[in-house]
Amino acid sequence: MHSPHAGRIEPPARSIGETDPITVLHVDDEIDFLEMAVQFLERERDSIVVETATSASAGVERLSEVDVDCIVSDYQMPGMDGLEFLEIVREEHPDLPFILFTGKGSEEVASDAISAGVTDYLQKTIGSDQFTVLSNRIENAVRQVRTEQRFEESQRRFQTLLSNLPGMVYQCEYEREWAMNFVSDGCVELTGYDPPDLVEGTVSYGADVVHPDDRDRVWNAVREAVATRDPFRIEYRIRTADGAEKWVWEQGRGVFEEGRVVALEGFITDVTDRKRSETTLEYQSSLLEAQAEAMIDGLLVVDEDRNVVSYNHQFVEMWGIPDDSVETGSDEALLDWIDHAVADPDEFSELVEELYENREETGRDEVQLTDGRVFDRYSAPVTGGDGTDYGRLWMFRDITERKERERELTEKREKYSTLVERSHDGITIIQDGRFVFVNARFAEITGYEATDLLGMSFIEVIDPADRSLVRDRYERRLDPEREDPPSRYRVTFETQEGSQRVAEVSAAQIHYEGATADLASIRDVTEQQQYEEELEELNEKLEILNRIVRHDIRNDMTVVLGWAETLDEHLDEAGEERLEKIVGSSEHVVELTEIARDYVETLASDDEMDTHPTPLQPMLEKEISLCREAYSDAEISVRGSIPDAEVRANEMLSSVFRNLLNNAVQHNDEDTPVVEIVAAEREDDVRVTISDNGPGVPEGQRETIFGKGERSLDSPGTGIGLYLVQTLVEQYGGDIRVEDNDPEGAAFTLTLSKPQ
């Protein structure tokens, strides 16, 4: 490896080279004059190529089609004059040379042209000499632009050096004092001076920084190198801002313009340590060698004669090259070995020879080995700062695992594509309001061919009644400042034949091929929709029937209870006992109609039950009071106090308490039913236990008591009241269970969550 150094910064060839052809766009509505101009200009200068346009508007169009180095335009033209044309050109090409070549005009036109930014102004004259002048003006204008481009490119390249070289990069005047035009920030560490100190002339590099004893030697070495246009490489001493002395190594060369040296460019680095001890070089060599050995890539460097200069252990190990082949120092021995390892030795060797023949070229390809491995091969020339060819670098990286991952990813994409195409749901991607992908199922749902859908507006396949809704949700999904719409909803599609299909749409925003898009999954639920409508109609009829039956039962039972009351004074003691049972049963029938109403309203609805924070205390206390009034012979008590807490429920929680309290009394076979209520508040929930002294619930019936069996009036449960309790509690997200009461009876424990 070689130490980095600076040399002449060569600009790129495009649009900056001195001998590059010049493309001129000549705009003039006089066709004869235009043809004559083309002949004379291209004959006058081989480097000039002329494109033509007969109007300014045609010139604008031609400018969009051809890379132009200069524009020559007449002033007076129909439709748009030369200055209006210039104004349009300057909007897109502010630096493009523009020469106004027109007939006799006033000084006012010339003044306006200069004010508008015209590069040059030239009047038409008689004879061919005017084209000689014009060609000179063209070349001068283009040369000036290219010179500026070269300078800008030089500056850019110069800045690039700053991030790669440990030291000071500079550009200075070609004079003994080394007046600096530019120095990199590295000068602070090197000299102790800030860049403005050297650039503004507060400090002279030649007079203040270069050691007095070395100034003549340094200047003479620079002049000799510049005279022969060779780079100079010198070592000398400098004095830093704090008076310290350093040894520096400098490499640079003259910057020439038209054969004249206009500046010096170079690089200066601190070599004090190297001068003090030659071990620094050994350290640097060891460091570079360690870096090469630490690389995951196999590294091989050969010189210009194809002799092996350097290689790392990874290179030998990757290729399994024996020591005797490496120690020969010739790449021929290595190629003989490698040819046996690669799957296509002819192709491998062909690229090797091609790169050796084209020394400035780089190359990169993939090499398949006979053992199944794959190497990424990269090669580049090793070139010095002055263009010297030092040989070629070869790098090899084992990419077998990466290729395997790529292969697996290809297979996954194929599987995904298969799943998408075989999906029972329609799948589409919408971008900018149009279909950019559809699968076969979506085409089937809409009745279109897949090819016809691509590029079509997605609104076209939506039923007119739903278009406003769909468009609004699409726009909201793509607008980050608006609230996201529901991700799933139903839409009616209008097929190509004009029929309607109801579909459930699930949509989400994605990125597709580098841009925002909508991914939508469409499931045809037309038959399901019809079934739901029929079921809803049936439920409505059942609800009407339920209301009618409940109304008639309540009316009839009111009559029964009314007549029963008139019998009280006409019955003996035995008759009164029977009458009391008749009244009790009648009242229970009325109660059953209320339970049935709650049951139907809860279960017949398709909507998810609405819950909200519900105060527990007033609702439970009210139901306890009502139960005491209804069953005056029962002892109903509350142990402790009922907590003033809210639970996750709704107004139908009262039906839960009413059914549990009534159940504790009605299914009690004792002369005096005893019911005790205990309520306790915990961190996340409230627990209510209602205990009785009745017969209890056998363990085998504790599952079916809530109607979990057949869920009918003939089920082994105690009635639909407890089934309603179970249904409501589950919808509240709570829990209900029954256990034995001590010493007898049953205990129903209800657990309700607190609102989050």
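This is a predicted model: local features need pLDDT of at least 70, side-chain atom pairs count only at pLDDT 80 or more; totals for chains, interfaces and linings use all residues.
View 1. If you count up the aromatic pairs, you will reach 16. In the pair shown here, Phe33 and Phe101 are tilted, with 5.8 Å from centre to centre and 45° between the planes.

**View 2. Lys124 over the ring of Phe33.** Stay with Phe33 for a moment and look for Lys124, whose charged end sits over the Phe33 ring. The distance from that charged end to the ring centre is 4.1 Å.

View 3. Trp319 counts as buried because its relative accessibility is 4%. Phe375 is buried as well, at 0%. Widen the view and you can pick out one aromatic cluster, formed by Phe315, Trp319, Phe348, Phe375 and Phe396.

**View 4. The second largest cavity.** This cavity has a volume of about 110 Å³. Its lining includes Phe315, Phe348 and Phe396, which are also members of the aromatic cluster in the previous view. Among the other lining residues are Leu300, Val302, Asp331, Tyr356 and Trp394. Two or more residues come from each of β11 (298-302), α14 (331-339), α15 (345-357) and β15 (389-398). Helix α14 gives the most, with four residues. By residue class, the lining divides into eleven nonpolar, no polar and one charged.

**View 5. The largest cavity.** A search of the whole structure turns up three cavities of 30 Å³ or more, and the largest holds about 170 Å³ of space. It is lined by 18 residues, and the closest to its centre are Ile430, Phe458, Val470, Val505 and Ala520. Elements giving two or more residues to this lining are β16 (426-431), α19 (464-478), β18 (488-494), β19 (500-512) and β20 (515-524). The lining divides into 15 nonpolar residues, one polar and two charged.

**View 6. Ser135 in helix α5.** Follow helix α5 (residues 129-162) to find Ser135. Ser135 counts as buried because its relative accessibility is 0%. Which residues does Ser135 touch, not counting those up to four places away in sequence? They are Leu41, Glu44, Arg45 and Ile48.

**View 7. Lys275 over the ring of Trp247.** To finish, here is a lysine over a tryptophan ring: the charged end of Lys275 sits over Trp247. It lies 4.5 Å from the centre of the ring.

Notes
Residues are numbered from 1 along each chain as its sequence is written. Side-chain values use heavy atoms; hydrogens and water are left out. On a 1 Å grid over the protein atoms alone, a cavity is a set of points where a 1.4 Å probe fits but cannot get out, and a pocket is an open set with protein on both sides within 12 Å along at least five of seven lines; lining residues have an atom within 4 Å of a point. Grid points are joined across faces, edges and corners, and a volume is the space filled by probe spheres set on the points. Ala, Val, Leu, Ile, Met, Phe, Trp, Tyr, Cys and Pro count as nonpolar, Asp, Glu, Lys and Arg as charged, and the others, Gly among them, as polar. Buried means under 20% relative accessible area, exposed over 50%, partly exposed in between (1.4 Å probe, protein chains only). Contact means heavy atoms within 4.5 Å. Rings of Phe, Tyr and Trp (its six-membered ring) pair if their centres lie within 6.5 Å; planes under 30 degrees apart count as stacked, over 60 as edge-to-face and the rest as tilted. A charge sits over a ring if NZ of Lys or CZ of Arg is within 6 Å of the ring centre and within 35 degrees of the ring normal.
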